[in-house]
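Dear colleague,

Please find below the structure that I am handing over to you. My notes on it follow directly after.

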Amino acid sequence: MYRRLAVFFALLSVLSASALAAEDSFVGKWKFNPDKSQLTGLDYKIEDAGGGQYRFIFGDDVETLTLDGKGHVTKTTGPSSWESTNELAGKVTNKSKWTISADGQTFTSMDENMRPDGTTAKSEATYKRTGGTSGLVGTWESTSVKVLSPTSIALAKWQGDGYTRSNPAFKETLDFKLDGKEYTPKGPRVPKGMTVTAKKAGDHSMELIYKLKGKMTETDKYEVSADGKTLTQTVTYSGVSKPEVDVYDRE
């Protein structure tokens, strides 16, 4: 009898530990690993909108820029090169240098992102032309993306069965539960009107849907590996057929 009870309680302990591990597998600090991630193969389109304006299109996201250097975000520095500066509340948030190769088939972007925590992140991206013939206008597919300043995110438990996801570099936090209700991210660069809903997608996976003023912008699926050492974030942007895959290593 005592032996059977001992075996029973030992088994119960193992099952309880397994359930806890599954429940808390997301919890921890995760560092982005660009070498394991899939950031290429995404299509971007640039259209001439007339009057010195260009439309930059990524899926359902469209932004119109004026390339004249007169109080706008970009200016021309040569026949095939541009500089872009983004500001928010009077502070520079991003600087980019765009260059098109002499044969017009390659578009290169070098970016600096001034993070809210005071650090600067750098990245380089190369695109090949898949549409158009010359200049900035055309369709471009990303072929190489180098993230030179990887960030880390953290996931912690919140209100029992919920989670808090935080990104210290951008001072962003999101408190949410897997209940399909809308939650609002917080941070200095979170757009007004952004909401997130979340639901469970498996024992070690969950899905977050982002909306901006009621319109869906992206779906993120988070999945933890069986050994608990890797967090994979598969990002599907609205209007874009191929997902971006971001891989994080547990710290």
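Over the ring of which residue does the charged end of Lys177 sit? The ring is that of Trp158, and the charged end of Lys177 is 5.9 Å from its centre. Please bear in mind throughout that this is a predicted model.

I begin with the chain as a whole. The secondary structure of the protein chain comes to one helix and 19 strands. The chain has 251 residues, of which 34% count as buried. It exposes about 14300 Å², and carbon and sulfur atoms supply 52% of that area.

In general, the strands of a sheet pair through backbone hydrogen bonds, either parallel or antiparallel. Here, an open sheet of 10 strands runs in the order S13-S12-S11-S1-S19-S18-S17-S16-S15-S14, with antiparallel pairing. Strand S13 (172-176) and strand S14 (182-183) stand at the edges with a single partner strand each, so one side of each has no neighbour in the sheet. Within the sheet, strand S1 (residues 28-32) pairs with strand S11 (residues 152-158) over four bridges, in the antiparallel sense. Gly28, for example, stands opposite Leu155 in S11.

The aromatic residues also deserve attention. The count comes to 11 aromatic pairs. In one of them, Phe26 and Tyr163, the ring centres are 5.8 Å apart and the planes stand at 80 degrees; the pair is edge-to-face because planes over 60 degrees apart are counted in that way. This pair links distant parts of the chain: Phe26 lies in the loop between helix H1 (2-23) and S1, whereas Tyr163 belongs to strand S12 (residues 162-167), 137 residues apart. Phe26 is buried, with a relative accessible area of 3%, and Tyr163 counts as buried at 4%. Elsewhere, one aromatic cluster is formed by Tyr44, Phe56, Phe58, Trp98, Phe107, Tyr127, Trp140 and Tyr237.

Finally, I would draw your attention to Lys122, which is found in strand S9 (residues 120-131). Lys122 has a relative accessible area of 43% and is therefore partly exposed, since that class lies between 20% and 50%. Leaving aside residues up to four places away in sequence, Lys122 touches Asp111, Glu112, Lys146, Val147, Leu148 and Ser149.

Yours sincerely,
A colleague

Notes: Residues numbered from 1 in each chain as written. Predicted model: local features only at pLDDT ≥ 70, side-chain atom pairs only at ≥ 80, totals over all residues. Heavy atoms only, no water. Helix = DSSP H or I, 4+ residues; strand = E, 2+ residues; numbered from the N terminus. Buried < 20%, exposed > 50% of the residue type's maximum accessible area, 1.4 Å probe, protein only. Contact = heavy atoms within 4.5 Å. Pairing = 2+ DSSP bridges. Areas by Shrake-Rupley, 256 points an atom, 1.4 Å probe, with all protein chains shown as cover. Phe/Tyr/Trp six-rings, centres within 6.5 Å; stacked < 30°, edge-to-face > 60°. Lys NZ or Arg CZ within 6 Å of the ring centre and 35° of its normal.
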